[in-house]
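Visitor: I am new to this structure and would like to learn how to read it. Could you show it to me and take me through its features one at a time?

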Amino acid sequence: CCEAIELQVGFADKGSALAVSDAGTGVIICKAALQGAAINVKVNTKSMTDRAYAAAIDAQVDERMAKYGKMADEVFEKVYRRFN
């Protein structure tokens, strides 16, 4: 999901109007996939007995959600504003 969001940044910056709208749509789909994956990880780490390992995994998820969630939002807003 994270790599796909990064790709959408380039498409949004360099594409034609048709490609840019696809980037806006694609980045929202990628963000939804990222959010779904994060929830699935979090529900599974709750039941892990190795709490230190679970916490490390949760921290990775939180970092990716913060970085790539924001990136996805920025791409979407940039694309959306282009058509207003």
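Visitor: At what angle do helix α1 and helix α3 pack, and how far apart are their axes?

Guide: Helices here are DSSP runs of H or I with at least four residues, numbered from the N terminus, and an axis is a line fitted to C-alpha atoms, for helices over the stretch in contact, with angles that run from 0 to 180 degrees between N-to-C directions. In this case helix α1 (residues 2–14) and helix α3 (residues 51–82) pack at about 25°, and their axes are 10 Å apart. Angles under 35 degrees count as roughly parallel, over 145 as roughly antiparallel, 65 to 115 as roughly perpendicular and the rest as oblique, and α1 and α3 are therefore roughly parallel to each other.

The model is predicted, so local features need pLDDT of at least 70 and side-chain atom pairs count only at pLDDT 80 or more, while totals for chains, interfaces and linings use all residues. Residues are numbered from 1 along each chain as its sequence is written, and side-chain values use heavy atoms, with hydrogens and water left out.

Visitor: Which hand does the crossing of α1 and α3 have, and which residues make the contact?

Guide: A crossing is left-handed if the near helix is turned anticlockwise from the far one by less than a right angle, and right-handed if clockwise; the crossing of α1 and α3 is left-handed. Contact means heavy atoms within 4.5 Å, and on the α1 side the contact is made by C2, I5, E6, Q8, V9, A12 and D13, which meet R64, K67, Y68, M71, A72, V75, K78, V79 and R82 of α3. For classes, Ala, Val, Leu, Ile, Met, Phe, Trp, Tyr, Cys and Pro count as nonpolar, Asp, Glu, Lys and Arg as charged, and the others, Gly among them, as polar; the contact of α1 with α3 has nine nonpolar, one polar and six charged residues.

Visitor: How do α1 and α2 cross?

Guide: The axes of α1 and α2 come within 9 Å and cross at roughly 165°, which means that α1 is roughly antiparallel to α2. The crossing of α1 and α2 is left-handed. From α1, the residues C2, A4, I5, Q8, F11 and A12 meet V20, D22, A23, G26, V27, C30, K31 and L34 in α2, and by class this contact has ten nonpolar, two polar and two charged residues.

Visitor: Is V27 buried or exposed, and what does V27 touch?

Guide: Buried means under 20% relative accessible area, exposed over 50%, and partly exposed in between, with a 1.4 Å probe and protein chains only. V27, which lies in helix α2, has 0% relative accessibility and counts as buried. Not counting residues up to four places away in sequence, V27 touches I5, Q8, A72, V75 and F76.

Visitor: How do α2 and α3 pack?

Guide: The angle between α2 and α3 is about 160°, with their axes 9 Å apart, and that makes α2 roughly antiparallel to α3. The crossing of α2 and α3 is left-handed, and the residues of their contact divide into 16 nonpolar, five polar and eight charged. V41 has its place in helix α2 (residues 17–45); V41 is partly exposed at 27% relative accessibility, and it touches I57 and V61, not counting residues up to four places away in sequence. Although V41 and V61 are 20 residues apart along the chain, their C-alpha atoms are separated by 7.8 Å.

Visitor: How many aromatic pairs are there, and how is such a pair described?

Guide: A pair of aromatic rings is described by the distance of the centres and the angle of the planes. Rings of Phe, Tyr and Trp (its six-membered ring) pair if their centres lie within 6.5 Å, and planes under 30 degrees apart count as stacked, over 60 as edge-to-face and the rest as tilted. By this rule the count is one aromatic pair: F76 and Y80 are stacked, at 5.7 Å centre to centre and with 20° between the planes. F76 and Y80 are four residues apart in helix α3, and are therefore separated by about one helical turn.

Notes
Helix = DSSP H or I, 4+ residues; strand = E, 2+ residues; numbered from the N terminus.
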